[in-house]
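Dear colleague,

Please find below the structure that I am handing over to you for your records. My findings follow directly after it.

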Amino acid sequence: MSRYKWRDLLDINSKTKAYCSPLSCIAHIDINAFFAQVEQIRRNFSVDDPVVCVQWNSIIAVSYAARKYGITRMDSVFDAFKKCQNLVPVHTAVFRKGEDFWQYRDDCGSWYTEEEKMLTPEKNKVSLDPYRRESRKVIKIFHEWCDLVEKGSVDEVYMDLGRIVFSDLLFSDEFDDFVSIRDQFKNGQYDLDDYLPPLPRNLTISFKDGEDYNPDKNPVFQDWDDILFCLGAMTTDKIRQKIKDVLGYTTSCGVARTKTTAKLGSNFKKPDAQTVIRNSNVADYLDNESFELTSFWSMGGIIGKELSLLLELPSEKPLRHIRESWPVSSDDLTAFIKEKTQQKTTDNERFYSLPAESLQQLSDKVFQLARGDYRTTLNPRPMIRSMMSNKNLRGDSCRHYQDCLAWLEVFSGELIGRIKELEQEYERIFVPKTLTISTRTPGFQRHSRSSGIATGGRIKAKDLMELGTKLVKELDAKYGSTKDYYPLTNINMVISNFEILESGRTIIDMFGKQAQVVRKSGDDFLEVTDERLQPDESGTKRVLRCEPCKLDFDEETAFKEHSDFHYAMKLSESLNGVNEDSKNLSYGERKLLFSGLKRNNSGPKQSDNKKRQITGRNGDIYKYFNK
DNA sequence: TACTCACAG
DNA sequence: GGCTGTGAGTA
């Protein structure tokens, strides 16, 4: 006889109830060393190349190949080189001060001078757009499988596998193991409060080697929760395989009853592995792998540390100590915390001030965390509230009004790019109604100015620029002459109060008239065919003209590069994620596409700025001037 | 609503 | 350690 009831099983078929069921099945997946993997694939390095992702002189992500040399995120690039001669540092994309588009500088050729190529924080702002974009592609794959996905951050998600494992158990043709319970279910021979039948004999499904955390080698299938976890793990395995095949990223995954334990599980084996923490093994997992209260998500900071002190947790198996000291309910734990906090000391002042209500919540949480049974819902990402583009300034990179304007260009470009991506993701139009500019002085004083945005329809970079300029002017007029204003130490632009409109037009409508992608047989390259991009035969001299850009090209290679640029723009603009074309491409082909993305979709705008065409040896064609 | 703080990655 | 993002609490 099972410990679980039919009600528990049926609950996991409900998005709203599943997380509460004792049979809940939650997965956490994170992409290993995400930024480093993005750069490794973009630049066509192998998984064995010790790639690190770099921002200025700091390392912000370390590939697993680089970790073998003992390189960590704390190392500077310089230190890392000392540990590994063959280090492959790849800098993030950047916005250049005064430009409203980001680009990777690693492969962009010679149109910048050496001085300009230097990636310094004084003249550049890091762009994380490439990672957000890749993240979206990954998350889209999760959504193809799972009806309830929570984006934890740019590189991790939670999935409620309830409906998947429910239907695997009761309906899937793939498994013959469950005929008995299926018959019972189909014929309605059960009551919600009946216990589930005993497990079938001779099960054919099984965990993959090592994915079931099972140090004591207990019988693997003791009850239906074990079966469901196994089915869940089979699904996450397929999802992760798909991500690897289509996008190239390796991931780590944990499957367990709650979000927090699933997250601890995904961290257990890295990279490219998954771990199931079955309910019968949770306590052992928490104790044997030396987890502490502070190991849980949201407990990593001051609260967790002070709580640990307050509860006088031993360093050895602190979570077992919690379970054994407060075995019955959280009430005793609450009482203990109350008593402790009333002995006011400097250490626990913060708890002293906690209202009784949140104290009860906190102790419930601790009680459940220690048992691997702290249940929280999976929250789909709420609609956007605001969007900020921010720059911390050092030295004198913003010493007057004109410098502010140069950074405004960057902010406008970044925010417009992000709005565009949002619009594609949600198939809506996002119109911000408020714009705020804030500055911070060398004395860390903050000043800000806001204004309503009155645009008819979609907002443009120009709109942000104009309004932003007005606000920067106001700030400059009021504070600019005071002694302690310039050079600014921070400036940022925030757009908020979004109006979200239905977009009647689909992506295809917006881009359908433009370039079509065709594959030339026997050629690995993808080319753009568009009447406006066709070469113009005139007399002896062949002029290659790009009509939308009003640019002529003498050399075919330059023109081809330019076409590729359009293609890359089209690709990145029209595709929110994995498109139908790239789905069917091989890994190598997909990488080829990716490596074509040298700059972002904003690009220099013909109408907004003067620019001069120069011939870059590597085919890059723009030099961009402000005045 | 604006601002700060805590926490995470 | 630099940077970005979120949610909760507060005035």
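Aspartate 75 is located in the loop that runs between helix 3 (64-67) and helix 4 (77-83). Please note that this is a predicted model. Aspartate 75 counts as buried because its relative accessibility is 10%, and the cut-off for buried is under 20%. A polar atom of the aspartate 75 side chain lies 2.8 Å from the backbone nitrogen of threonine 72. Leaving aside residues up to four places away in sequence, aspartate 75 touches Ile59, Gly70, Ala80 and Lys83.

DNA strand C is surrounded by 15 residues, of which Arg73, Lys125, Arg132, Asn390 and Arg418 are the closest. By class, this surface comprises 7 nonpolar, 3 polar and 5 charged residues. Of the atoms of DNA strand C within 4 Å of the protein, sugar or phosphate accounts for 72%, and bases for the rest.

An N or O atom in the side chain of arginine 132 is 2.9 Å from a phosphate oxygen of DNA strand C. For asparagine 392, a polar side-chain atom is 3.4 Å from a phosphate oxygen. The side chain of arginine 394 places an N or O atom 3.3 Å from a sugar or linking oxygen of DNA strand C. Strand 3 (58-62) and strand 12 (386-392) are the elements that give two or more residues to the surface near DNA strand C. Strand 12 gives the most, with 3 residues.

With kind regards

Key
Residues numbered from 1 in each chain as written. Chains lettered and ligands numbered in written order. Predicted model: local features only at pLDDT ≥ 70, side-chain atom pairs only at ≥ 80, totals over all residues. Heavy atoms only, no water. Near = heavy atom within 4 Å. Polar contact = N/O pair within 3.5 Å; in protein donor to acceptor, adjacent residues only side chain to side chain. Helix = DSSP H or I, 4+ residues; strand = E, 2+ residues; numbered from the N terminus. Nonpolar A, V, L, I, M, F, W, Y, C, P; charged D, E, K, R; others polar. Buried < 20%, exposed > 50% of the residue type's maximum accessible area, 1.4 Å probe, protein only. Contact = heavy atoms within 4.5 Å.
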